[in-house]
Amino acid sequence: MVHQAQGLLVQEVAADGELPSRYVLKEQQGRPAAAADAQRAAPSIPTVDVDRLADADAGEADKLRSALASWGLFAVTGHGMTDPFLDAILGAARGFFHLPMEAKQEYRNVVDADDGGRKFQPEGYGVDRVDTDEQVLDWCDRLYLQVRPDDARQLRFWPTHPSDLAELLKEFSVEGEKVAKLVVTAMARCLGFEEGFFLDKVGERMPSYARFTYYPPCPRPDLVHGLKPHTDNSVVTVLLLDEQVGGLQVLKDGSWVDVPVLGDGRHQLLVVVGDEMEITSNAAFRAPIHRVMAPGEEAERVSLAVFYQPEPDRVLEPSPELVDGERPAMYKKLQAKVFADGFWDAFALGERTIDFLKVKVDAVDQATAAVSGA
């Protein structure tokens, strides 16, 4: 059964100029205003040239290693995607979200259920899943689509207007996959393994899911989450930011740090480490907690994230080569599909999937494994 708040579209709420209580965070829930004093001046986000990584450049590998250790995310250059192309894809996304509401309803993520009712399903246009009356809603609408493998696309959720949106998304996903594979290959080299070490665990038909997120103008951005704190359901995520309006923040050393926009009409492309890489690497690489601030009353923001995931039938577990007596397995074994399905339950509750599914191995389990030699 669909929760009644599932029908709320933030773009419609924003048009009224009011801030309903369903979006307002309690003070103990970490309002952006309460966190502002703890924020520090943002240091430069590390940048890595993936073209040089592909050539196994030692200096660039050192930059990657440092970025992974200190941030878990980094800006990328050398990716081969031009500013006009990136302009076009975010422009098409804005065009979709600016369509009349009745035109977008065709792609809603609330669909008919077998019992005659209605149910939420991840793909399509709308808001993230709403489970309870107590759930504080995020100030964003989204369009969520599986892009790859090609034969897994549910084309009924793919907008036909703007007419170029689908082809632009397909191209971005392919180019982003090249970036993701270059990074994952370099991450293996950082740990002294062969290039295919992590890619072999992901599988040849690596699924990818795209999320276009639209943040309409907000009358009180200090009281809401544009998108609540979370880690990504991915091996790595390739993220295209709005070229004019910021809002992405990463939790670093206990403080929320702004990821600045580049300005002057140029886009920022980021790579973010996801939960599945954290598990597979046995926490050699950690997924950063991040959130998005809502824009003010005079601005709107749009972004595109593509999440590259393991094949659903793959087993997620710490790689045996990264487990020994000094560093026992930090996560339990589970199927990638189980983890991916659990993400939606965890996200609705504002929890991290690793915590919600109790994937972490506790100290007692580790001690038992050490004694038994497992």
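Mentor: The lining of the largest pocket divides into 9 nonpolar, 5 polar and 4 charged residues. Here Ala, Val, Leu, Ile, Met, Phe, Trp, Tyr, Cys and Pro count as nonpolar, Asp, Glu, Lys and Arg as charged, and the others, Gly among them, as polar. Keep in mind that this is a predicted model: local features need pLDDT of at least 70, side-chain atom pairs count only at pLDDT 80 or more, and totals for chains, interfaces and linings use all residues. Residues are numbered from 1 along each chain as its sequence is written, and side-chain values use heavy atoms, with hydrogens and water left out.

Stay with the pocket. A pocket is an open set of points on a 1 Å grid over the protein atoms alone, with protein on both sides within 12 Å along at least five of seven lines; lining residues have an atom within 4 Å of a point. The largest one holds about 420 Å³ of space. That volume is the space filled by probe spheres set on the points, which are joined across faces, edges and corners. The lining has 18 residues. Nearest the centre are Y209, Q309, K337, A340 and D341. Two elements, β6 (141–148) and α10 (336–349), each supply at least two lining residues. Helices (H or I, at least four residues) and strands (E, at least two) are DSSP runs, numbered from the N terminus. The largest share is from α10, with 5 residues.

Now follow β6 into its sheet. This open sheet has 8 strands in the order β1-β2-β12-β9-β14-β7-β6-β5, with mixed pairing. Two strands pair if DSSP finds at least two bridges between them. The edges are β1 (47–49) and β5 (124–126); each has a single partner strand, so one side of each is left without a neighbour in the sheet. Direction ignored, neighbouring strands are turned by 25 degrees against each other on average. β6 runs antiparallel to β7 (208–215), and 7 bridges join them. One of the residues involved is R148, whose bridge partner in β7 is S208. Helix α4 (58–70) packs on this sheet, touching β1, β2 (73–77) and β12 (269–273). Contact means heavy atoms within 4.5 Å. The direction of α4 makes about 145 degrees with that of β1. Axes are lines fitted to C-alpha atoms, for helices over the stretch in contact, and angles run from 0 to 180 degrees between N-to-C directions.

Look next at β12. 5 of its 5 residues are buried, so β12 is largely enclosed by the rest of the structure. Buried means under 20% relative accessible area, with a 1.4 Å probe and protein chains only. L269, V271 and V273 cover one side of β12, and L270 and V272 the other. On one flank, β2 and β12 pair in the antiparallel sense over 3 bridges, and L73 has V272 as its bridge partner. β9 also pairs antiparallel with β12, over 5 bridges. There V238 stands opposite V271.

Move to the cavities. A cavity is a set of grid points where a 1.4 Å probe fits but cannot get out. There are 3 cavities of 30 Å³ or more. Of its 24 lining residues, R211, L227, H230, A305 and F307 are the closest to its centre. β7, β8, β9 (236–240), β13, β14 (301–308) and α10 each supply at least two lining residues. β14 gives the most, 4 residues. The lining divides into 13 nonpolar, 7 polar and 4 charged residues. In the second largest cavity, the volume is about 110 Å³. V127, D128, V130, L137 and D138 lie nearest its centre, among 14 lining residues. Its lining has 9 nonpolar, 1 polar and 4 charged residues.

β8 and β13 (290–292) are joined by 2 bridges. H230 has H290 as its bridge partner in β13.

Finish in the loop between β7 and β8, where P219 lies. P219 touches G17, E18, L19, W139 and E297, not counting residues up to four places away in sequence. P219 and G17 are 202 residues apart along the chain, yet their C-alpha atoms are separated by 6.6 Å.

Note on methods: Buried means under 20% relative accessible area, exposed over 50%, partly exposed in between (1.4 Å probe, protein chains only).
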